Amino acid sequence: MYRRQNRMSNHRSAASLRALFAPATTRRGFLRLAGTTAAFTALSQVRVMPAAAAGVANAGASGRFFDDAETEILTQLMQRITDTGLPDAPRVRDTRAVATVDAVCLGLDPAVSGVLPLALRLFEWGPLLFDLRFARFSELPDAEQDASLRSWMTSRLALRRMAFLGVRNLCFMGWYSQPEVWPLIGYQGPLLRRAAAATTPT
Amino acid sequence: MIEKLLERGGDLSTRADVCVIGSGAGGAVAAAVLAAGGRDVVVLEQGEHWTSRDFTQREDEMLPRLFEEAGMRQTVDGGITILQGRSVGGSTVHNLCYAFRTPPAILRMWREEHALPELTDAALAESFERVETNLRVKPIREDEVNTLNRLLRSGAQKLGYSGFVTQHNRENCVKAGYCLLGCSYDAKQSMLVTYVPRASEAGARVFANARAERIEAPPSGARRVHGHIVDHAGRTRGSIVVEARSVVLAAGAVASPDLLLRSGLGGPEVGRHLHLHPSVMVAGYWPEPIHAYRGIPQSYYIDEFIDLERDPHTGYVLMPISGFPVLAAVNVPGFGREHFREMRDFSKLGGLLVLLHDRSEGSVRSGRSLGKPEIRYALDAGDRAQLSLGLRHCAEVLFAAGAKRVVVPFLSQPLVLERGADLAAIAQREVREGTLPIASTHPQSTCRMGGDPTTSVVNAFGELHGTRGVFVADMSVFPTSLGAPPQITTAALADRTAHHILAGGSERTG
């Protein structure tokens with residue numbers, strides 16, 4: 001009962017956080033965003049984001065963990081993080097890699113997964129927040145997206161490095177689980193016939 | 001009977017002689033011994049009941065099914081990843097089947113430094129024999145040593161390093177190599193196919209999706225375990241109350257102290273003295289594909305750098321390690337094309353793991369959520385130095401085994417060493433949590449055993465000091481780091497605890 005009440009009471013703040021990080025953020029919105037970054041940092045130390053967790057609790061009802069905007073951010077992040085440089089490699093969009101990550105997150109305890117949507121929004125606004133570039137991650141060309149990711153990876157803030165590793169590893173979970181990726185690295189795949197059948201792309 | 005409470009629906013309110021919490025190497029053994037001894041046993045396992053039919057050999061499906069937090073559980077600062085099981089059978093479902101008895105020097109140290117004179121080799125001999133028989137422990141045959149293990153053995157032998165082919169608990173192994181993702185062939189003699197069915201056949205009621213959250217242990221009367229029926233994401237679906245004369249807590253070295261702390265039991269030492277056996281994988285790349293993920297993943301064991309008879313408190317071992325694409329990818333630093341340059345050679349990749357017998361101590365505290373306890377751990381200076389030396393020895397063995405390139409996975413900038421490179425470069429890099437992908441599969445010692453109630457949580461039989469009828473029977477009772485793979489020690493101590501209960505030791509009559 002307590003848990004349910006806690007989720008309900010956090011619903012409003014979850015909604016306001018999502019609005020705060022929505023793609024159509026205005027200048028005033030950006031200032032609010034920057035102002036709350038410090039608060040985010042402090043909250044992240046707590047490791048549990050009840051507000052975001054409430055959002056996660058709602059996500060299950062739709063059958064998806066990430067909303068459309070978050071899915072687009074994740075797709076762009078994964079494309080750069082898993083870039084092979086091979087001209088004939090599949091594109092992230094053409095695989096089930098993002099859907100795989102979504103399914104994994106949907107099955108996690110909200111205490112674990114609750115922070116992820118917010119983290120994606122921070123990656124999207126990372127160029128503005130941390131690199132003083134007046135652009136969102138998704139608007140940047142490939143090389144500058146890579147530079148933005150590198151600034152997360154090598155940040156002096158342990159929290160940013162940790163967030164990068166978390167998102168990076170989720171992207172690898174999605175990408176390297178795809179049967180069409182395995183030939184690129186010489187992995188022969190599962191031995192079970194049923195696993196092979198289950199992984200045949202449709 | 002093994003029942004999935006999610007499928008049954010409703011609440012669970014029942015009575016038993018003994019309530020066992022957890023179904024891994026400790027809980028399953030305790031449950032089977034107690035049930036066979038005539039006790040009415042209830043087992044509460046928070047994870048799902050997966051069987052070999054569910055093991056698909058795919059990482060995206062099996063990591064979330066078998067591991068806490070889908071394999072992403074970390075210390076509070078993100079410096080160390082902790083891999084723990086979360087299903088009926090616990091971590092034995094995904095472990096790699098090294099089967100070692102407790103090293104005699106460690107038992108001696110526990111007796112002498114932790115006031116445990118009862119823990120003699122003779123006192124544990126029967127428990128070891130029973131456990132090894134039931135888990136079908138046997139030497140790994142030469143034809144079962146896979147390519148990577150053979151290569152690393154040749155490297156160690158060239159360098160004159162001590163090592164040996166170990167014992168394991170597999171039966172009719174088909175050498176597929178997917179042990180880490182659950183054995184699809186029921187060859188691995190995990191608790192899932194040994195002690196859990198034995199417990200069930202002896203009358204124990206095993207409940208999956210059953211999360212214990214609090215133990216009520218009044219000075220008189222029965223013990224009560226309160227909890228919830230939970231789905232895989234931890235969402236509650238019903239309530240649980242089990243009334244029992246005794247409780248055996250075997251939820252692992254993270255959840256067990258968390259549960260005691262939430263219950264106000266066990267005293268001030270609960271959750272302290274966490275050891276992790278921290279480990280780091282150094283990657284070697286051979287000129288040709290070796291497909292290291294095929295065959296028994298770990299059969300050879302290099303013990304050159306640990307001498308427990310000389311010093312039972314320190315040292316490290318080297319263990320072959322291979323992985324599947326996702327697990328390999330997360331161990332390769334960087335991203336994008338630089339990362340893929342290493343991944344492109346996945347079929348040529350073989351790893352060697354340095355695993356520390358750590359002196360450093362961390363802690364487990366209850367978090368704001370049951371799904372997210374707070375785990376803190378930092379390597380002390382001595383362990384950092386040991387780890388650095390271990391990385392160097394990994395590189396040395398990998399080159400001697402024929403690797404043409406070795407990568408030490410420093411997160412800021414991986415150290416790529418070509419054959420003939422000066423390995424002293426490793427010592428120039430900072431080694432601590434946060435600079436390398438450090439992992440732990442053996443959290444232990446958070447409810448440690450000892451004769452002194454002011455410095456320990458349980459006595460020599462695993463019973464809480466000062467709270468009769470509540471026992472702990474998992475790796476959290478180890479007084480110190482074990483310095484060896486823990487499966488058999490955990491099972492043998494649980495066997496001993498269960499036989500003590502059967503003999504009437506401290507059982508409540510309430």
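Q: In which helix of chain B does Leu391(B) lie?
A: The model is a predicted one. In it, Leu391(B) is part of helix H11 of chain B, which covers residues 381–400.

Q: Why is Leu391(B) called buried?
A: A residue is buried if 20 or more other C-beta atoms lie within 10 Å of its own. Leu391(B) has 27 C-beta neighbours inside 10 Å, so Leu391(B) counts as buried.

Q: Which residues is Leu391(B) in contact with, leaving aside its neighbours within four places in sequence?
A: The contacts are Val280(B), Val282(B), Val354(B), Val408(B) and Ile426(B). Val354(B) is 37 residues away from Leu391(B) along the chain, and the C-alpha atoms of the two are separated by 6.6 Å.

Q: What makes Arg153(B) buried?
A: The cut-off is 20 or more other C-beta atoms within 10 Å. Arg153(B) has 22 such atoms, so Arg153(B) is buried. This residue is found in helix H6 of chain B, residues 147–159.

Q: Which residues does Arg153(B) touch, not counting residues up to four places away in sequence?
A: Arg153(B) touches Gly163(B) and Tyr300(B). As for Asp60(B), 93 residues from Arg153(B) along the chain, the C-alpha atoms of the two are separated by 32 Å.

Q: Why is helix H3 of chain B described as largely enclosed by the rest of the structure?
A: Helix H3 of chain B comprises residues 59–66, and eight of its eight residues are buried, so the helix is largely enclosed. The buried residues are Glu59(B), Asp60(B), Glu61(B), Met62(B), Leu63(B), Pro64(B), Arg65(B) and Leu66(B).

Q: What covers the buried residues of H3(B)?
A: The cover includes H5 and H10 of chain A, together with helix H9 (325–331) of chain B.

Q: How many residues of chain A are in contact with chain B, and how many of chain B with chain A?
A: On the chain A side there are 40 residues, and on the chain B side 39. The elements of chain A that each supply at least two residues to its side are H4, H5 (97–106), H6 (110–113), H9 (142–153), H10, H11 (182–185) and H12 (193–198). H10(A) gives the most, with seven residues. By class, the side of chain A that touches chain B divides into 23 nonpolar, ten polar and seven charged residues.

Q: What makes H4(A) roughly perpendicular to H10(A)?
A: Helix H4 of chain A (residues 68–81) packs against helix H10 of chain A (residues 158–175) at an angle of about 85 degrees, with the axes 10 Å apart. Angles of 65 to 115 degrees count as roughly perpendicular, so the two helices are given that description.

Q: Which residues meet where H4(A) packs against H10(A)?
A: H4(A) brings Leu77(A), Met78(A) and Ile81(A), and these meet Val167(A), Arg168(A), Cys171(A), Gly174(A) and Trp175(A) of H10(A). The residues of this contact divide into six nonpolar, one polar and one charged.

Q: What secondary structure does chain A contain?
A: Chain A has twelve helices and zero strands. Of its 202 residues, 39% count as buried. Among contacts in chain A between residues at least 6 apart in sequence, 65% join residues at least 24 apart.

Q: What joins E18(B) to E19(B)?
A: A hairpin of six residues makes the link. E18(B) and strand E19 (residues 415–418) of chain B run antiparallel and are joined by four bridges. Val406(B) has Leu417(B) in E19(B) as its bridge partner.

Conventions
Residues numbered from 1 in each chain as written. Chains lettered and ligands numbered in written order. Predicted model: local features only at pLDDT ≥ 70, side-chain atom pairs only at ≥ 80, totals over all residues. Buried ≥ 20, exposed ≤ 12 C-beta atoms within 10 Å, placed from the backbone. Contact = placed C-beta atoms within 7 Å. Axes fitted to C-alpha atoms, helices over the stretch in contact; angles between N-to-C directions. Parallel < 35°, antiparallel > 145°, perpendicular 65-115°, else oblique. Nonpolar A, V, L, I, M, F, W, Y, C, P; charged D, E, K, R; others polar. Pairing = 2+ DSSP bridges.
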